[in-house]
Amino acid sequence: MKLMTCSIDGRQRIAMYVGGATVADLAATTDCFPESMVALIEQWDDWKGSIESLAEQAPRRSLSDVRVEAPVPVPKRDIFCVGKNYADHVNEVKALGYGSIPSHPIVFSKATTTVNRPDGLVDLSADPTETTDYEGELAVVIGKGGRYIDERDARDHVFGYTLINDVSARDLQGRHVQWFLAKSIDGYAPMGPVILTEEAAGNVRDWRLQTRVNGELRQDASLDQMIFSVPEIIATISRYVTLQPGDIIATGTPAGVGAGHEPPVYLKPGDEVRVSIEAIGELVSRFV
Ligand code: MG
């Protein structure tokens with residue numbers, strides 16, 4: 001199933017995408033339905049058995065009548081991100097001083113205030129270096145939390161998958177050494193539009209991720225090209241940090257970022273970036 005956070009009549013609530021530009025307003029079916037995606041994830045064992053039948057009873061709303069929010073509009077803590085997780089991307093940014101293929105996952109974070117609506121505007125004026133770049137990525141939403149999660153059990157801890165654009169100000173990455181500020185400008189993480197739940201996901205490594213800038217195909221990769229798989233990433237992070245329901249992990253970007261071009265091609269006001277994985281949908285962002 002595909003779950004969304006939508007503002008309906010001015011209130012944020014959980015909806016199920018039912019196809020044909022229509023959502024089912026789950027919160028309208030019962031007063032006790034969780035009010036946020038994180039609350040639903042925390043209470044998932046109580047709701048997963050009945051949510052499909054609730055969706056059948058729920059009032060339908062046209063997507064044009066609701067405001068689609070990021071699926072997790074306010075994460076409880078920073079977004080975990082994996083850097084340099086595709087070999088072709090590592091090679092394209094090598095000349096910029098980002099080094100070689102990692103032997104262990106590189107994990108950094110983005111501030112929660114980066115989260116942006118799927119069709120929200122990204123304000124480039126906050127980057128004084130004018131080197132803002134896109135990074136289309138698969139994001140994992142954690143369901144059941146835990147520490148010392150074994151790779152073989154990792155998918156039991158996944159609630160679902162969404163799309164994220166790990167928007168990055170390249171020159172700030174170098175200027176401040178740590179990548180946090182360069183990747184944490186307000187609004188620099190468009191996310192969504194849906195969470196595809198784990199039980200509907202099938203084999204993630206068969207998926208293909210594409211990013212288009214103003215219609216031009218810039219990134220086109222199989223998720224099988226990830227250096228560290230989703231289970232390896234979950235095992236690595238949870239070895240040190242207790243994962244919690246609703247945590248978000250951005251799994252890295254493939255080759256084709258603007259910085260990899262010669263000369264680099266950075267985003268400018270008026271650009272539209274479209275990140276897609278067929279199973280999940282499309283994340284479209286406009287830069288202003
Ligand atoms: Mg990234």
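**Entry 1**

I looked up the largest cavity and found a volume of about 130 Å³. Of the 16 residues that line this cavity, H89, E135, R170, Q173 and W179 are the closest to its centre. I noted the rule: on a 1 Å grid over the protein atoms alone, a cavity is a set of points where a 1.4 Å probe fits but cannot get out, and lining residues have an atom within 4 Å of a point. Grid points are joined across faces, edges and corners, and a volume is the space filled by probe spheres set on the points. By this rule I count 1 cavity of 30 Å³ or more.

I sorted the lining of the largest cavity into 5 nonpolar, 5 polar and 6 charged residues. Here Ala, Val, Leu, Ile, Met, Phe, Trp, Tyr, Cys and Pro count as nonpolar, Asp, Glu, Lys and Arg as charged, and the others, Gly among them, as polar. β6 (79-83), α4 (87-93) and α5 (170-175) each supply at least two residues of this lining. Helices (H or I, at least four residues) and strands (E, at least two) are DSSP runs, numbered from the N terminus.

**Entry 1: ground rules**

I keep in mind that this is a predicted model, where local features need pLDDT of at least 70, side-chain atom pairs count only at pLDDT 80 or more, and totals for chains, interfaces and linings use all residues. Residues are numbered from 1 along each chain as its sequence is written, and side-chain values use heavy atoms, with hydrogens and water left out.

**Entry 2: the magnesium ion**

Which residues coordinate the magnesium ion? I found E135 (OE), E137 (OE) and D166 (OD), at 2.0 to 2.1 Å. E135 sits in the loop between β10 (132-133) and β11 (136-142), and D166 in the loop between β12 (158-165) and β13 (168-169), so the pair, 31 residues apart, links distant parts of the chain. Donors are N, O and S atoms within 2.8 Å of the metal (3.2 Å for Na, K and Ca); water is not among the atoms, so sites may look incomplete.

I checked burial next: E135 is buried at a relative accessible area of 6%, and D166 is buried at 0%. Buried means under 20% relative accessible area, exposed over 50%, partly exposed in between (1.4 Å probe, protein chains only).

**Entry 3: helix α6 and the whole chain**

In α6 (residues 230-240) I list V230, I233, I234, A235, I237 and S238 as buried. The buried residues of α6 pack against β6, β7 (106-110), β11, β12 and β17 (248-250). The chain has 6 helices and 19 strands, and buried residues make up 55% of its 288 residues. Residues 24 or more positions apart account for 75% of the chain's contacts (heavy atoms within 4.5 Å) with a separation of 6 or more.

I found a cis peptide bond between G192 and P193, with omega about 0 degrees; P193 lies in strand β14 (residues 189-197). Another cis peptide bond joins E262 and P263, with omega about -5 degrees. P263 is in the loop between β17 and β18 (272-277).

D9 is not a glycine, yet has a positive phi of about 50 degrees. I placed D9 in the loop between β1 (2-8) and β2 (11-19), and it counts as exposed at 66% relative accessibility.

Notes: On a 1 Å grid over the protein atoms alone, a cavity is a set of points where a 1.4 Å probe fits but cannot get out, and a pocket is an open set with protein on both sides within 12 Å along at least five of seven lines; lining residues have an atom within 4 Å of a point.
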